[in-house]
Amino acid sequence: MIMLLLDNFWLILFIALGLPLLTYRSKFRKIVYQTDSWTINIKPLLTDELRGLIGSHSVDHPKYKKFRNYYRTYLVLILITLVFYFDFSGFTHTKETEVEKSKIGVGSRLPSFSLKDQNGNTLAIDSVIGKYYLVIFFYNSDAGPNTLREVWAFQENLDAFKAADAMVIGIGRESVDSHKEFATENALLYTLLCDEGNKVRKMFRVPSNLLGYLPGRVTYIVDKTGKVVYVHSSQIRTYKHATNALKFLKEMK
């Protein structure tokens, strides 16, 4: 029972905050628009509601300020929780966990796969195992939020990764043409693999965020025997994918 609660911690927290938010929002709207109809709850954000939420509305009702303040409080709590969810639902693992026994994680063997890079050349991952440490990171998309900061962090540290005998490989869902344009525009000098259909992402069972709706950003380090020795996940501080991975590689030496 405890494990079930922990596994669904964020879902439970969002429900616990979301229900009172919806309740006070409904009460607030009914006061602002002077109606008791339930249909006010399903209408989109309206000007008077926004004006009343941010400032003050000329409504003569004894509970107006009370419900407005409750609405504000729970809305802020939801926003703060989202920030913590995106950041701290991330993780860094260097030892095998029980969860990782059922997916690609620390201690797993790197699965075999072949994908085309941004130049249209096919890379068979087995062909580079044993030659380098492999730093493989999955990112959302070439145009995704925070993607540029993530990929540039790897580019800025590329010489340091090479000095650590590591090969950097980014994996995104777009086509060869999209990756080529993205790499050229941003002067990326490492390999970007095209995982159209997310076949390799599914093979790795990369964790998702936002209750499963947002593709996870996860970095794996694979040693020269083909074993995963490090996993890092974070949606917000995307530059940490590169800096944390590099720190781990240096500490291995």
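**Figure 1. Threonine 147 lies in helix α5.** This is a predicted model, in which local features need pLDDT of at least 70 and side-chain atom pairs count only at pLDDT 80 or more, while totals for chains, interfaces and linings use all residues. Residues are numbered from 1 along each chain as its sequence is written, and side-chain values use heavy atoms, with hydrogens and water left out. Is threonine 147 buried or exposed? Threonine 147 has a relative accessible area of 0%, so it counts as buried. Buried means under 20% relative accessible area, exposed means over 50%, and partly exposed lies in between (1.4 Å probe, protein chains only). Setting aside neighbours within four places in sequence, threonine 147 is in contact with Tyr139, Ser141, Asp142, Phe182 and Arg217. Contact means heavy atoms within 4.5 Å. Now find tyrosine 239. The C-alpha atoms of threonine 147 and tyrosine 239 are 9.2 Å apart in space, although the two residues are 92 apart in sequence.

**Figure 2. The whole chain has nine helices and eight strands.** Helices (H or I, at least four residues) and strands (E, at least two) are DSSP runs, numbered from the N terminus. The chain has 253 residues, and 44% of them count as buried. Take the contacts between residues at least 6 apart in sequence: 64% of them join residues at least 24 apart. The chain exposes about 13,800 Å², with 58% supplied by carbon and sulfur atoms. Accessible areas come from the Shrake-Rupley method with a 1.4 Å probe, and for residues only the protein chains shown count as cover.

**Figure 3. Helix α5 has buried residues that pack against several elements.** Which residues of α5 are buried? They are Thr147, Glu150, Val151, Ala153, Phe154 and Gln155. The buried residues of α5 pack against the strands β4 (133-138), β5 and β7. They also pack against the helices α6, α7 (176-185) and α9 (240-252).

**Figure 4. Glutamate 49 and arginine 25 form a salt bridge.** Side chains of opposite charge can pair when their charged atoms come close. A salt bridge is a side-chain nitrogen of Lys or Arg within 4 Å of a carboxyl oxygen of Asp or Glu. In the pair of glutamate 49 and arginine 25, the closest N and O atoms are 3.2 Å apart. Glutamate 49 sits in helix α3 (residues 47-54) and arginine 25 in helix α2 (residues 9-32), so the pair ties together parts 24 residues apart in sequence. Both residues are buried. Arg29 joins the picture too: Arg25, Arg29 and Glu49 are linked in a network of salt bridges. The whole structure has four salt bridges.

**Figure 5. Arginine 217 meets glutamate 150 in a salt bridge.** The N to O distance is 2.6 Å. Arginine 217 lies in the loop between α8 (199-204) and β7 (218-222), and glutamate 150 in helix α5 (residues 147-156), so the pair ties together parts 67 residues apart in sequence. Arginine 217 and glutamate 150 are both buried.

**Figure 6. Aspartate 165 forms a salt bridge with lysine 224.** Their closest N and O atoms are 2.3 Å apart. Aspartate 165 is in the loop between α6 (158-163) and β5 (166-172), while lysine 224 is in the loop between β7 and β8 (228-233), 59 residues apart. Aspartate 165 has 27% relative accessibility, so it counts as partly exposed. Lysine 224, at 33%, is partly exposed as well.

**Figure 7. The largest cavity holds about 60 Å³ of space.** The whole structure has two cavities of 30 Å³ or more. On a 1 Å grid over the protein atoms alone, a cavity is a set of points where a 1.4 Å probe fits but cannot get out; lining residues have an atom within 4 Å of a point. Points are joined across faces, edges and corners, and a volume is the space filled by probe spheres set on them. What lines the largest cavity? Its lining includes Phe138, Ile171, Asp195, Asn198 and Pro215. The lining divides into four nonpolar, three polar and three charged residues. Ala, Val, Leu, Ile, Met, Phe, Trp, Tyr, Cys and Pro count as nonpolar, Asp, Glu, Lys and Arg as charged, and the others, Gly among them, as polar.

**Figure 8. Alanine 187 has a positive phi of about 50°.** Most residues other than glycine have a negative phi. Alanine 187 is in the loop between α7 and β6 (191-194). Its relative accessibility is 41%, so alanine 187 counts as partly exposed. Arginine 205 also has a positive phi, near 55°. Arginine 205 is found in the loop between α8 and β7. With a relative accessible area of 43%, arginine 205 is partly exposed.

Notes:
On a 1 Å grid over the protein atoms alone, a cavity is a set of points where a 1.4 Å probe fits but cannot get out, and a pocket is an open set with protein on both sides within 12 Å along at least five of seven lines; lining residues have an atom within 4 Å of a point.
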